[in-house]
Each structure stands twice: as C-alpha cells, then as structure tokens.
Amino acid sequence: MSKSPRIALLAAAAGLVVVVAGPLFAQPATKPQAPPKPPHAGQAQAPAASPRLGLGREALPEEIKAWSIEVRPDGKGLPPGRGTVRQGDELFQAQCASCHGEFGQGNGRWPVLAGGQGSLKDDRPEKTIGSFWPDLSTVYDYIHRAMPFGNAQSLQPDEVYALTAYLLYLNDIVKDEDFELSDKNFTSVKLPNASAFYDDDRESTEKSFWGRQPCMKDCKREVKITGRATVLDVTPDSKTAPKVD
Amino acid sequence: MTSHADNPAPSRRRFLGGAALAGAGLVAAGTARGQSPKPDPLITDVQDWNRYLGEGVDKHPYGSPSRFEKNVVRRDVPWLTASPESSVNFTPLHDLDGIITPSGLCFERHHAGIADIDPASHRLMIHGLVDKPLVFTMEDIRRMPRENRVYFLECAANSGMEWRGAQLNGCQFTHGMVHNVMYTGVPLGAILAEAGLKPQAKWLMLEGADAAGMNRSLPIEKALDDVLIAFAMNGEALRPEQGYPLRAVIPGWEGNLWVKWLRRIEVGDMPWMAREETSKYTDLLADGRSRRFTFIMDAKSVVTNPSPQAPLKARGRNVLSGLAWSGRGTIKRVDVTLDGGRNWQEARIDGPVLDKSLTRFYVDFDWNGGELLVQSRAMDSTGYVQPTKEELRKVRGANSIYHNNGIQTWHVKPNGETENVEIS
C-alpha cells in the first residue's frame, strides 16, 4: 500500500510510461531513457533482412575506456607505463608469493608460474609462463584482469609491468635485475614456446574417426581389464557431497 | 529406502520388521520365492500419507525435490583444484533420466566464484569494429526477438582426469561436467546488427562481469551462426551459478566459451589470446606442440546406468540407460556392448533427438548375474564414430587434458557392483 504510490512517483519522474504495474517496475528503472527514434527509425519499418530494432543506447567513450582492459599480442590495449624486475620482485613477495611461492614455484596446489622449460614432451610436463605460454600480452592481461585472486583489478599499470618483468626474470627470459618493461619495449619480448601452437586440425589428423563401419559381431577374441579406478581410490563418497538446503 | 520407517507411527511399530524387509528390494523378494507369500503391510496397512493431511499449497512457493532424493546432488572433488572459487562440480548423471538437466543440478565451473549481480545493475556493451558502440540493459535485451533452443554444455575438461587410465569411480565424476537445458535468449547476430559490424570484423571477445573477467575469442562466423545471448534456462531466469542475468550459449562448443555474467562484446580483427585460450584450453600433444582453438566437442556417450554409483540390483529384466551427444550435429546411432566390445547391439534412442543436445538411449536386457563389460559408442550426423581411449591416445598422447571423448567401460561384477575400468 505504502509502496505503490512511491513507485508510481519514481516512474513518473523517470519519464516512464507505466503500462502494466508488473514486477519489472518494482525496481524503479535507472535507465537513461533513450527513445528508439532518430538513427534507425526509418529502417525499423522497412522489411530488411535484419532490421535494426532501435534498442540500446550509444556507449560513451569514458564507458568504453573503463571496460576495455584487454591487451592483444600486438600490444593493442597496453596502457602507458613501466616497471623493473626489482620493483616486480618486491610487489610479487607482497601480493603474490603467498600462493605462487617466492620464485613462482607455487605453494600447495596453487599454480606454478616459472620453470619447466623443455618439459613439454615429458611424461609429466610442467606448463608455466616460461615453458608453455605463447604471448607476453596474456601475462599482462591476465594479471591485470584477474589477479591477485580475490582482489582483481587492484593493480596499477606500472605495477603490472613490474610484475610481468619479474615473471620474465623468474623464467630466465630476461637475466638483468635492472631490466625495465614498458609499453615501448613490450612487443619486442618473445616467449620461448610462441611457435608451438597450431589451429585445431582434428578433421585431418583424426579423419579416420569419420565414416567407419564399426564391427558389430565377434569383434575380438579376448578382453582383459588393464586398469581399475578403485585401485586409486580417490573418489569422494556421498558423505563428502555438498548438502542440499 | 527404509526412510518411511524413520518416524513410525506408534500403531505401526510391530510392522517395522516387515516394512524393512520389503524396503530392501528385489533381492529380498527373490529369496522369498518358494516360501508361502506373506501379505505386504505396505498394502494391508493404512499408511500415514493415506490417512493424515499433507502439506498445503502455501508451504513451498518454490518447490524442491522429495526428501527421499537428497542424494541427487552436485558433487565436487576437492583435490582437483586449489580453491572452491576456481573449481568445478559434477552433474549426477546416474540419477537423471530423459535429456533435460534440472537447473539446480547443472554442474558449475567458476574461475572466481559466483558473481552476485542485480539485473537492474547489469549492462552489456558492444564496441570495437562496429558502426555504433552500444550499451544494453536487461530490459533492452528482453525487448528483442527471442529463440528457445535445447543444447548441451560440456566442459572441455570433462573426462580429463581419465586420460591416463581409469581414475574416478562414477559417471558423475568421469562424465558429469555436462548439462543440457532449454535456453531462452536473443541471437547474437541480432545484437551485433544493432551495432552494425564493420567489414574487417573477424573475431569477437566475450567477457564476463565476474572477478575473473572471464574472456574468450570467438570467430565471427560462429557468432553469426547459432550463438544465443540467453537470460533464461528451463523456462526461468538463469541460475546465479549459470551466469545470471546473462550468458553466452555457443552450441556444440567447449563450455569455457559460454561466458557467464556476460557484460562486454568487443569486435576485432584477430583473436586476443586470452589466458583461457593459451595457458588453458589448448591441447598439448605428444610431440610437445599444442592445438589451439579446439572449439568443437566431438561425439561422445556414456552408460549412466549401470555405473559405479548405480549398480545392478537384481537379476532378470533390467534397463541399461545412457546419454549421447555431439557438438557437430545430431546423434544418429548408439551401439552398446555388454561383453567388452566383442559383440554390439544398436541401442534404442528415445525422446527428442536434437541438434547439439543430449540424446537418451536404452537397452532393455536380461542379466543372468554374470560379469559384464559395458560400453557405448555414439555416431553423429557427420559420420563421426566415437573412438576408443586408446585410439585417441595414439593421436594425442596422454597430456592433452581436454576433449577426452573416448569410449567408457564399466565392469559389472556378479554382485551387481560396478567399477570404472580400462580394457584391452
């Protein structure tokens, strides 16, 4: 009773036309009303293949800038800034080492960031930035967007440059503690495994999986069990399952 | 099974023994053969639910399953990951039937926990190589023409722990990073048309609003083909853990691309090489090189019953049940063997056979109590035949982590217990 008049008032103030007092209007819309008129009004009437609906509003440059945090391998998206290995070391010990270890070796089950070079053909490969990642831009991009885990997007560009420089140092890609990484020299740094990736080729390399007439009768003489899950016995039982509320 | 005896009415106490025996199931009924049959107190007695009033309609404004289904839940494997916020749990496939996964049981995979977003505060931005960068509210999106489609979502790492051999004992754990729901959403092509694509547009970056800022590069051809931007699943709003209020639906492609809490689409001329398409979701092969952009999930199947969490309970008539799916099209046929691949029979497919959707199959069979080695083999509309794990390992080695669609074997023992095994 006390709620409805207030909603009607707010809706009126926002210039909304209340057609049905449905639940949508329970939260007074903060949407800046951009009536779908000028740019596409004519097209919307025409029976074009994909007529524009006239929905949404133009994104402002400030809004695009605020959300455009991505960095591409060609350096597109890198903000101006710089940081040295030494600065990165200090930041890493303060912000990252509790999970990733002082030297990026990874504590417990947390990811290993350094080492493992030359291990990719091993029985147990160690896939790190230095041994596996193809592009340095990914290091910058990912640290900035998602790290530290639980406090994402808290690092300034200079800090991300410094941390990236320290990770290059931990991976023996730069040897000098005074090395400074910046938006100017960023794309000149190449990671060791850059050329070891190729696009999905299953349709050619696994061609034999298509068009087979599989055997239906007397397909093999004997069958042996070669491995059992219960030997490992790592499956949780129903007692360790989450509760239903 | 004997839960109805948990709170017995005083007048029924003397029948407890009989009720427990009946509740023990078919095995007990089998041994009773030959003795003179006793009347079943569950029939001859008036039961509580037959006498007293049940709950009224105002009790559960949003219902939940019967308390007797409390074991039908998502489960996780704590040792798999370093933190529960960047982790995965599993759909209880062995307890489900048909093809639609109940929303509350759809497996979860987050990289920074479940973002808690008020839909009134959610924005979707389209920018980059477009004529006009746009911002949409959820209300805007709900004013666009909608489509309803059923698709499976399979994590690229589903069955990934099984590359080196049989490890986890249950199809929930070996195959449960998959779910299948009906999505309601807007074709991405329609949203892109609002902004107007420039001719150089080749790739899109989809980005989530969560603390992982989950981002992936998506080729424009796929975006304009069948991608949906969905706000509903199984008829209601997306669940928070499935991207409420807005997610990408990328039919047939690995789950990681189905960005949840979708807030931004940038249009570009090359892929961004995000962490999730370089460090992760690339497939390391035996020669030390890696496949990238392995988007499509190949044809796959699994027998869900019997399976380690769903043993056989009685000799005689039984239902073998399972799921088959393919990211390349529809399921055309599923073969099943009970003797480890010596002989196969075509399973009976029942229910809708939809494009890039789970498909249900059955084999109705008599079990004489002998050992079984059960496998299923899916075939899709492109002529792809699901390979064995050995055939996959021959091409890829054992370290590719993702895209394990090899044939699964269950060993059913004479007591009905069932184990995850590998066979020659």
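# A tour of the interface between chains A and B

Begin with both chains shown: 110 residues of chain B are in contact (heavy atoms within 4.5 Å) with 89 residues of chain A. This is a predicted model, in which local features need pLDDT of at least 70 and side-chain atom pairs count only at pLDDT 80 or more, while totals for chains, interfaces and linings use all residues. Residues are numbered from 1 along each chain as its sequence is written, chains are lettered from A and ligands numbered from 1 in the order in which they are written, and side-chain values use heavy atoms, with hydrogens and water left out.

**Stop 1: the interface as a whole**

The area buried between chain B and chain A is about 8600 Å², and carbon and sulfur atoms give 53% of that area. Buried area here is the accessible area (1.4 Å probe) that two parts lose on being put together, summed over both. Select B:E194, B:R275 and B:R342: these supply 7% of the area that chain B buries against chain A, more than any other three residues.

Next, select A:E203 and B:R328. They form a salt bridge (a side-chain nitrogen of Lys or Arg within 4 Å of a carboxyl oxygen of Asp or Glu), with the closest N and O atoms 3.0 Å apart. The count between chain B and chain A is 14 salt bridges.

Across the same interface, 49 residue pairs are in polar contact, both residues at pLDDT 80 or more. A polar contact is a pair of N or O atoms within 3.5 Å; within protein, one must be able to donate a hydrogen and the other to accept it, and residues adjacent in sequence count only if both atoms are side-chain atoms.

**Stop 2: strand β24 of chain B**

Select residues 418-423 of chain B. This is strand β24, which gives 5 residues, the largest share of the side of chain B that touches chain A. Helices (H or I, at least four residues) and strands (E, at least two) are DSSP runs, numbered from the N terminus. The bridge partner of A:R228 is B:V421.

**Stop 3: a sheet with strands from both chains**

Strand β4 (residues 123-128) of chain B runs parallel to β13(B), joined by 4 bridges; B:M125 has B:R264 as its bridge partner, and B:I126 stands opposite B:I265. Strand β8 (residues 203-208) of chain B runs antiparallel to β13(B), joined by 6 bridges, with B:W203 partnered by B:G268.

Two strands pair if DSSP finds at least two bridges between them. The open sheet has 6 strands in the order β1(A)-β5(B)-β4(B)-β13(B)-β8(B)-β9(B), with mixed pairing. Its edge strands are β1 (57-58) of chain A and β9 (215-219) of chain B, each pairing on one side only.

**Stop 4: helix α6 of chain A**

Select residues 136-146 of chain A. In this helix, α6(A), 11 of 11 residues are buried, including A:Y140, A:H144 and A:R145. The buried residues pack against α7 (157-170) and β3 (180-182) of chain A, and against β8 and β9 of chain B.

**Stop 5: B:S83**

Finish at B:S83, in the loop between β1 (75-76) and β2 (87-90) of chain B. B:S83 is buried, with a relative accessible area of 7%. Not counting residues up to four places away in sequence, B:S83 touches A:W110 and A:F149. A polar atom of the B:S83 side chain lies 3.2 Å from the backbone nitrogen of B:S86.

Technical notes
Buried means under 20% relative accessible area, exposed over 50%, partly exposed in between (1.4 Å probe, protein chains only).
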